[in-house]
Amino acid sequence: MVGGLMKFPGISTKLLNISIDSLCKFRNLEKAESLIIDGIRLGILPNVITYNTLIKGYSRFIGIDEAYAVTRRMREAGIKPNVATYNSLISGASRNLMLNRVLQLFDEMLQSGLSPDMWSYNTLMSCYFKLGKHGEAFRILHQDIHLAGLCPGVDTYNILLDALCKSGHTDNAIELFKDLKSRVKPELMTYNILINGLCKSRRVNSAIWMLRELKKSGYTPNAVTYTTMLKLYFKTKRFEKGRRLFWKMKEEGYTFDGYANCAVVSALIKTGKAEEAYECMKELVRSGTRSQDIVSYNTLLNLYFKDGNLDAVDDLLDEIDRKGLKPDDYTHTIIVHGLLSVGYTAGAEKHLACMGKMGMNPSVVTCNCLIDGLCKAGHVDRAMRLFESMEVKDEFTYTSVVHNLCKDARLVCASKLLLSCYNKGMKIPSSARRAVLSGLRMTVSYQAARKTHQKIKAAIECDTLMYP
DNA sequence: CTAGGGTTAG
């Protein structure tokens, strides 16, 4: 291949870069690098783009250190890193939420006399947002960008709008959207971000209004738009509407990547329609998308468990392994929950222990499942031991534990935990409160229930909370 | 750099 490039001096580096790019896209980084070396031997000199492409690949698929190591080889080859080089490194660091690394690279870029561009600032800003450091992110937006003589572009606003939506400030996002239209032209992605934010906060009418705005601006909804609306329909239990939309998506070729199929299948599983779910999954298997990512496998795995098809589960786990896919938090949760649902409590516990041995940290959700399952199987003490060992706990953890403690008549413990939730300002469903209060009334005393009710009132600073 | 799919309690 490289030999052939020699016949076209002048464009040979361009062709080399194209080859490098496609190799990198398919994670063939070693091959890409050996192609560079072959090229040099044949007199085809790599340029800054060649190395930047390689760095982008390393930073995306391997690691930031490995990507950085390429910059050293690049310098040895007499090529100086440019802003794009640093941007690739910075985005790799940002993807892994390595803020210090991002800042360090920024410094290094400045010290080598390079000026960060809008892309660099966008990445930095999005890293701050992803870490929940909104103040810092806004400082980049309102100060640093202007000090650098740059102007926020539509991409900058996309990042900002998405962060606002994801942190529950959908109203601010809408406000900003109305305001920014005078400065930049919203992209299709801008609309999708907002529609998604509105759907997630269940603002159905606003989402539909935004969809109309999207069309009014001359854009055509794409697979992302439709998948977002599809989820909204399922969430609001408008199954017929969802079914019709999915049908339309299939007809118009919007289901090529399997995203919509996964959404539909999980909705079908939740409504107990395993048959239809299998039907919908078949298509995914046929299209080959299934072989590409763990999400489709997780969906299918969940389906097999819910259907009690444990042989298929076994086969599928083997297949995941064979394909070299990496099980993620969802996979582990589905396995633990699935084992519990078929009554195999010991297996679920074993799975968690295995994860620990392999150096994996089970997620909060995985632990929540096991806690709940252990309680329901009558092992409340073991569940409580796991509960106490958890570093991160969420609403689900507490809700489940409180309910299960009530069922087990451990009211003192349950009411203590419930109160700690209110004191932390944690949102906990009122069903948990009712379970504790009625439990106290039944098994302790009416006075104890009243007293706890008073404490809850004080904790949430509310006088009108009715005593059930 | 930025948008959509998959997991848990009641």
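## The largest cavity

Which residues line the largest cavity? The lining consists of N302, F305, K306, I334, H337, G338 and S341. The model is predicted: local features need pLDDT of at least 70 and side-chain atom pairs count only at pLDDT 80 or more, while totals for chains, interfaces and linings use all residues. Residues are numbered from 1 along each chain as its sequence is written, chains are lettered from A and ligands numbered from 1 in the order in which they are written, and side-chain values use heavy atoms, with hydrogens and water left out.

A cavity is a set of points, on a 1 Å grid over the protein atoms alone, where a 1.4 Å probe fits but cannot get out; lining residues have an atom within 4 Å of a point. One cavity of 30 Å³ or more is counted, and the volume of the largest cavity is about 30 Å³ (the space filled by probe spheres set on the points, which are joined across faces, edges and corners).

Helices α18 (294-306) and α20 (329-341) each supply at least two lining residues of this cavity, and α20 gives the largest share, four residues (helices are DSSP runs of H or I with at least four residues, numbered from the N terminus). Domain 2 (234-321) and domain 3 (328-392) each contribute at least three residues to the lining; the bounds come from an automatic or database domain assignment.

## The second largest pocket

A pocket is an open set of grid points with protein on both sides within 12 Å along at least five of seven lines. The second largest pocket has a volume of about 840 Å³. Its lining comprises 29 residues, of which S91, W119, T123, S126 and I159 are the closest to its centre. At least two lining residues come from each of α4 (48-62), α6 (83-95), α8 (118-130), α10 (154-166) and α12 (188-200).

A residue is near the strand if one of its heavy atoms lies within 4 Å of it. There are 50 residues around DNA strand B, and N192, D257, D293, N298 and D328 come nearest.

A side-chain N or O atom of N122 is 2.9 Å from a base oxygen of DNA strand B, and one of D155 is 3.3 Å from a base nitrogen.

Notes
A polar contact is a pair of N or O atoms within 3.5 Å; within protein, one must be able to donate a hydrogen and the other to accept it, and residues adjacent in sequence count only if both atoms are side-chain atoms.
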